[in-house]
Amino acid sequence: MAALVVAALRALQRLCRVALFLSQLYVLSGRGSLSLQEFHSQPQLSKVVTVPTSTHIPTSKVPETTSIPSYLTQCPSNGLCSRLPPQCMSCKTNYSCTYGKPVAFECEANSQVHCVDQKNNRQKTFMINMTCQFCWQLPPSDYVCSDPPNCKTVSCPRERYSANCTVRDHIHCLGNRVFPKMLYCNWTGGYKWSTALALSITLGGFGADRFYLGQWREGLGKLFSFGGLGIWTLIDVLLIGVGYVGPADGSLYI
């Protein structure tokens, strides 16, 4: 009886060894690679299902603020449409109008510009009456020009300078509202023509007129020559009277 039990245990031990050998051979043959594929696919699955926790919003989705046009500060709010400055409106101009004749153009207020008519009713389109002429053809009172940096006015021929002129806001015209223009020198240093003429008649023999105009060399010459024995005095009275002799700084008389 004991011998049978021992023989059965040995047979069972051999069977277990054979089963273990067959299982190892099955894994090494490649048929057991399913578990290996599942093992390698787990990191990839974790990458796919990962959900970002960042709350950052892309800049393309952030709403942009509305910009204010630069001309809006020069446009009166709820004022008359006909009084709007030219930079506050857009007009359908017609350059085939007759020069010097009155003409009416259809205009429209620019974006974010609000204006009304004579009855205080809101308007978007309106008519502008003007004279058919270019901006550089306007009279001098309708535009403002830059001052000359260095300009002599008492000269023959009279000097000119290149100025940049800008049309006033309430004036409407065709073309560019800023334009270059050649102007005569017209600045003054504060000298009066009447004072210079009076000094030349009364005290011209002592050079008082030349001293007043800032011409010290000529004044000293007249003083020590007694007005060129009267001849120089008479000549200066004539030259100052017609405006040929003026202030030494080249400015105009007041």
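**Close-up 1. Strands β3 and β6 run side by side in opposite directions.** In this predicted model, β3 (residues 102-109) and β6 are antiparallel and joined by seven bridges. Strands here are DSSP runs (E, at least two residues), and helices are runs of H or I with at least four residues, numbered from the N terminus. Two strands count as paired if DSSP finds at least two bridges between them. One place to look is Val103, which stands opposite Met130 in β6. Residues are numbered from 1 along each chain as its sequence is written, and side-chain values use heavy atoms, with hydrogens and water left out. Because this is a predicted model, local features need pLDDT of at least 70 and side-chain atom pairs count only at pLDDT 80 or more, while totals for chains, interfaces and linings use all residues.

**Close-up 2. The sheet β2-β3-β6 is open.** Its three strands follow that order, with antiparallel pairing. β2 (89-91) and β6 stand at the edges with a single partner strand each, so one side of each has no neighbour in the sheet. On average, neighbouring strands are turned by 40° against each other, direction ignored; the axes behind such angles are lines fitted to C-alpha atoms, on a scale that runs from 0 to 180 degrees between N-to-C directions. Between β2 and β3 there are three bridges, and Cys91 has Cys107 in β3 as its bridge partner.

**Close-up 3. Cys165 and Val167 belong to the largest nonpolar core.** Of its 13 residues, these two touch the most other members. A nonpolar core is a set of buried Ala, Val, Leu, Ile, Met, Phe, Trp, Tyr and Cys residues joined through side-chain atoms within 4.5 Å. At least two residues each come from β7 (143-145), β8 (160-167) and β9 (178-184), and β8 gives the largest share, four residues. Leaving aside residues up to four places away in sequence, the contacts of Cys165 (heavy atoms within 4.5 Å) include Tyr143, Val144, Phe179 and Leu183. Another core, of 11 residues, lies apart from this one, and Cys75, Cys81, Cys107 and Val113 are among its members.

**Close-up 4. Tyr95 and Phe134 form an aromatic pair.** Rings of Phe, Tyr and Trp (its six-membered ring) pair if their centres lie within 6.5 Å; planes under 30 degrees apart count as stacked, over 60 as edge-to-face and the rest as tilted. By this rule there are four aromatic pairs. The ring centres of Tyr95 and Phe134 are 6.0 Å apart and their planes meet at 25°, so this pair is stacked. Tyr95 sits in the loop between β2 and β3, and Phe134 in the loop between β6 and β7, so the pair ties together parts 39 residues apart in sequence. Tyr95 is exposed, at 51% relative accessible area, and Phe134 is partly exposed, at 33%.

**Close-up 5. Phe211 and Trp216 make a tilted pair.** Their ring centres are 5.2 Å apart, with 50° between the planes. Phe211 is partly exposed, at 22% relative accessible area, while Trp216 is exposed, at 55%.

Terms used: Buried < 20%, exposed > 50% of the residue type's maximum accessible area, 1.4 Å probe, protein only.
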